[in-house]
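Subject: Handing over the structure

Hi,

Here is the structure I promised to pass on. Have a look at it first, and then read my notes below.

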Amino acid sequence: MEEAILDREKPQEFTVDAIPLPNLESGATSPGSKERVQPTPEELLECRHVKNSLSTGVWLVAFLGLAERFCYYGIIVMFQNYIQNSRTDPLRPGALGLGQSLAGVIQNCFTLFSLMTPICAAIIADSWLGRYRTLCIALCIYIVGTVILITTSLPTALAHGSGLPGFIVALFVLGFAVGGVKATIGPFIADQCTDEAHFISYTKSGEKVIVSREATVEYIFNIYYWCVNAGALAGIATTFMEKDIGFWAAFLMPSCFLAAAVVLFFATKPLYVDHRPDKNILPDAFRACLYGIKGGRRMDAAKPENVLEKYGKTVPWTASFVEELKNGLTAFRAFIAFVIYWLCQTQMSTNLISQSANMNSHGVPNDLLPTINSVTVVILLPIVQHLVNPTLRRMKIAFPPINRMTVGFIIEAMAMAYVAGIQKLVYNTGPCFDHPRKCAASNNGDLPNNVNMLIQIPVYVLEGAGEVFSNPAGYEYAYTKASMSIKAVVQAAFQFSSAAGSALALALSPTYKDPQILTMFSCLAGFMFLDACIFYACFRKENKKSN
């Protein structure tokens with residue numbers, strides 16, 4: 001039994017028969033050889049690159065990601081109403097009645113906390129438990145957090161004052177759980193791809209193609225991100241449930257779906273590739289970085305021969321280890337550009353919902369529209385994966401992660417500019433103009449400004465289009481830039497950039513009120529476009545390495 005477990009944890013050596021072709025994109029097949037033939041440098045340049053077939057483990061982990069996001073987004077989309085509005089609000093569902101500004105602060109604190117905890121989970125995964133076991137523990141904590149949230153949102157609990165303390169405890173528990181999942185599930189799903197870098201195959205038409213690990217990993221992350229956004233559609237159901245039944249029922253439904261997916265994940269353990277750490281390399285990585293700083297911020301100074309020459313010390317790492325660290329640190333620098341991007345993205349779950357609350361909804365829940373973002377991703381991502389990307393490869397046009405992230409950033413800037421335009425329109429419309437629902441003409445807040453809430457739809461379409469390019473590319477960049485022993489740490493660094501964005505959102509919370517919020521939206525649009533330009537100027541040289 002122990003030998004079987006050890007064998008399962010080793011990277012698997014597949015033959016052509018083990019992973020059947022044709023693959024989904026090219027219909028590639030082997031011309032009869034039982035061994036994979038490595039391409040020559042000329043063939044790598046001349047032949048079209050295609051993805052390989054995917055293992056069952058990839059699809060199962062993708063389904064788990066769908067269920068986790070179904071639960072997360074199904075719950076979090078209601079937080080703004082749950083915190084901001086009172087139980088007696090005449091227009092919107094509510095529970096705690098803490099107001100818009102404090103609701104935004106609590107939401108951003110939760111997001112910040114849940115995006116800082118991945119660092120701890122990543123260190124545990126990469127240096128001790130491995131990604132599979134760390135993910136399992138995080139999922140169990142997740143279930144506990146949802147149980148606390150459900151029980152303290154019952155009408156009886158709210159009436160006896162348990163709502164706020166129970167909510168805070170639930171956020172604390174869920175913050176740890178979400179962080180553990182974020183740090184591990186991305187690297188874990190890509191771990192299920194055990195192909196070598198490249199090998200030659202043939203399509204049904206006889207075309208020689210290169211089956212590329214890079215193309216396969218890109219496909220895996222596109223599938224994962226598609227599942228993430230398919231899961232986010234839970235908000236369609238939960239927003240109506242909060243309005244028609246109650247928050248407890250809306251919290252219960254997605255939690256049950258996650259629990260079922262967790263049981264399936266545990267039951268299918270033998271199907272997964274589980275890379276457990278051989279040793280904790282983080283102390284060596286930290287020491288190597290210190291030598292790099294001492295050497296004038298050049299990581300080459302940390303190479304063994306340079307350390308021996310300058311300091312007379314022998315170090316336990318190799319020159320290739322330092323090169324791997326350099327790649328990881330390059331990814332860290334690239335993730336800085338995501339801070340402004342995540343700051344813009346946080347507006348969807350906070351200020352855009354509050355903006356729609358000040359507009360005519362015609363009976364549609366004001367927190368339903370953010371699901372349009374996920375619908376856009378669910379529709380556009382397959383088009384990009386199965387039409388745009390293959391077409392670009394046939395034309396031998398490179399579209400590496402840096403370019404995709406830049407396109408996503410520019411679209412995000414367009415979305416924020418449109419939001420600012422909507423806010424200006426709301427302020428130019430009565431009855432309360434730049435103080436919606438706060439004048440005598442609003443009938444004690446029951447009458448919003450006369451602007452149709454559906455005017456927000458293009459915002460969420462633009463947000464979704466930007467995500468299709470930037471987010472999967474970010475996951476892919478984090479995974480491919482890191483060595484196997486620090487993949488969870490680099491993935492956590494990508495998530496930490498989101499935490500920095502949430503911290504900025506928290507710092508800007510005093511502007512989350514009328515009429516200052518218009519200036520805030522306008523500044524976000526400008527800074528996001530500037531961020532995209534600086535990012536591409538600094539990292540476009542990485543495209544040559546990708547090519």
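The sulfur of C136 has its closest cysteine sulfur in C140, 7.0 Å away, which is too far for a bond. For a disulfide, the two cysteine sulfur atoms have to be within 2.5 Å. C136 is also buried, at 12% relative accessible area. "Buried" here stands for under 20% relative accessible area, "exposed" for over 50%, and "partly exposed" for what falls in between, using a 1.4 Å probe and protein chains only.

Before I go on, two notes on the source. This is a predicted model, so local features need pLDDT of at least 70 and side-chain atom pairs count only at pLDDT 80 or more, while totals for chains, interfaces and linings use all residues. Residues are numbered from 1 along each chain as its sequence is written, and side-chain values use heavy atoms, with hydrogens and water left out.

Back to the cysteines. C71 is buried too, with a relative accessibility of 0%. The closest cysteine sulfur to the one in C71 belongs to C256, and at 9.3 Å that is too far for a bond.

So which cysteines are joined by a disulfide? They are C432 and C439, with 1.9 Å from S to S, and a search of the whole structure finds one disulfide. The torsion about that S-S bond is about -75°, so the disulfide is left-handed. As for its two ends, C432 is buried at 6% relative accessible area, whereas C439 is partly exposed at 25%.

That part of the chain has a few other things to look at. The peptide bond from G430 to P431 is cis, with omega near 15°, and P431 sits in the loop between helix 18 and strand 6 (449-452). R437 lies in the loop between helix 18 and strand 6 as well. R437 has a positive phi of about 60° although it is not a glycine, and it counts as buried, at 19% relative accessibility.

Elsewhere, there is another cis peptide bond from D514 to P515, with omega near 0°. You will find P515 in the loop between helix 20 and helix 21. R297 is a non-glycine residue with a positive phi of about 60°, placed in the loop between helix 12 (282-294) and helix 13 (304-311). Is R297 buried or exposed? It is exposed, at 78% relative accessibility.

Now for the overall picture. The protein has 22 helices and six strands; these are DSSP runs numbered from the N terminus, with helices being H or I over at least four residues and strands being E over at least two. Its radius of gyration is 25 Å, close to the 24 Å that the globule rule gives for 547 residues, so the protein is as compact as a globular protein of that length. That radius is taken over C-alpha atoms, and the rule is 2.2 Å times the number of residues to the power 0.38. Along the principal axes, the C-alpha atoms fill a box of roughly 75 × 55 × 50 Å.

How much of the protein is buried? Of its 547 residues, 57% count as buried. The accessible surface comes to about 22500 Å², and 65% of that belongs to carbon and sulfur atoms. Among contacts (heavy atoms within 4.5 Å) between residues at least 6 apart in sequence, 79% join residues at least 24 apart.

One helix I would point you to is helix 15 (residues 338-345), which is mostly covered, with seven of its eight residues buried. Those buried residues are F338, V339, Y341, W342, L343, C344 and Q345. They pack against helix 14 (319-335), helix 18 (401-427), helix 19 (457-481), helix 20 (487-507) and helix 21 (517-539).

Lastly, have a look at V263 in helix 11 (residues 247-267). V263 is exposed, with 57% relative accessibility. From V263 to I83, 180 residues away along the chain, the C-alpha atoms are separated by 31 Å.

That's everything from my side. Enjoy!

Notes: Areas by Shrake-Rupley, 256 points an atom, 1.4 Å probe, with all protein chains shown as cover.
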